[in-house]
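Let's take a friendly walk through this model, starting with a pocket and moving on to some aromatic rings.

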Amino acid sequence: MSIPTLLDHIVIAGPDLQDLVDWFAERTGVVAAPGGAHPTGTANALVALTIDGARGPQYIELIGPNPHRSEPELPATFGISGLREPRVEAYAVHPDDIEATVAAARARGYDPGDVSDLSRRTPDGTLLQWRLTRGENRRLDVPFLIDWGATAQPGLGDIPTIELVSFVRVEPDPEPLQRVLNAYGLGDGAAEVVAAAPGEAAGFRLTLRTADGAVVEL
């Protein structure tokens with residue numbers, strides 16, 4: 001099993017949120033719960049993750065354009081404006097000290113971006129607030145950092161669940177990306193990068209197990 005020990009959530013993005021929810025349901029049998037809208041022009045739906053049989057705070061975020069956004073253009077967040085189909089696009093980890101982790105990464109040659117505030121409201125109107133790294137040129141193959149502060153992680157809410165089997169990054173040459181991840185100083189908490197098989201494209205490999213025991217790779 002390969003799962004970052006500090007995993008917070010995995011982001012699957014798509015050009016249409018309802019189509020993305022349907023796509024996920026067709027493959028897993030799980031219908032994601034509505035999440036909320038962001039000021040970035042996006043909206044999300046959520047599925048909690050179980051790991052080794054235990055429900056944790058980790059979750060999957062399905063994110064796409066907010067159908068009620070004021071601007072007609074697709075948002076650039078997580079590369080949504082350039083997507084034509086759903087894709088596992090990014091992930092977040094939650095270090096014990098987000099500011100110290102940013103400083104450590106910068107000292108080792110990688111700048112994950114400044115820590116900034118973000119928020120959204122749930123369908124029942126509850127305000128969720130968190131802090132995360134949002135560099136303008138943030139790499140999607142490197143995890144962004146998140147700190148929920150006093151807000152409960154969404155994965156702990158009353159939402160459907162699915163089992164997480166493994167989550168890795170595949171690269172033709174793993175070493176350059178592993179060096180960047182090592183800059184965080186989080187050990188195996190950041191991610192595992194594995195070598196691609198011949199002809200295999202770089203990207204994330206997310207493996208889930210459905211309620212009937214079927215293994216699904218996304």
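Five strands, β3 (42-51), β4 (54-65), β6 (115-121), β7 (127-133) and β8 (144-147), each give at least two residues to the lining of the largest pocket. Please keep in mind that this is a predicted model. Within that lining, β4 makes the largest contribution, with three residues. The largest pocket has a volume of about 390 Å³. Its lining counts 25 residues, and those closest to the centre are Thr77, Phe78, Leu118, Leu132 and Arg138. Sorted by class, the lining of the largest pocket comprises 12 nonpolar, eight polar and five charged residues.

Now to the rings. The structure holds six aromatic pairs. Two of them are set out here:

| Pair | Distance of ring centres | Angle of planes | Type |
|---|---|---|---|
| Tyr91 and Phe204 | 5.6 Å | 80 degrees | edge-to-face |
| Phe167 and Phe204 | 5.4 Å | 15 degrees | stacked |

Tyr91 belongs to strand β5 (residues 87-93) and Phe204 to strand β11 (residues 203-209), so their pair ties together parts 113 residues apart in sequence. Together, Tyr91, Phe167 and Phe204 form one aromatic cluster.

Conventions:
Residues are numbered from 1 along each chain as its sequence is written. This is a predicted model: local features need pLDDT of at least 70, side-chain atom pairs count only at pLDDT 80 or more; totals for chains, interfaces and linings use all residues. Side-chain values use heavy atoms; hydrogens and water are left out. On a 1 Å grid over the protein atoms alone, a cavity is a set of points where a 1.4 Å probe fits but cannot get out, and a pocket is an open set with protein on both sides within 12 Å along at least five of seven lines; lining residues have an atom within 4 Å of a point. Grid points are joined across faces, edges and corners, and a volume is the space filled by probe spheres set on the points. Helices (H or I, at least four residues) and strands (E, at least two) are DSSP runs, numbered from the N terminus. Ala, Val, Leu, Ile, Met, Phe, Trp, Tyr, Cys and Pro count as nonpolar, Asp, Glu, Lys and Arg as charged, and the others, Gly among them, as polar. Rings of Phe, Tyr and Trp (its six-membered ring) pair if their centres lie within 6.5 Å; planes under 30 degrees apart count as stacked, over 60 as edge-to-face and the rest as tilted.
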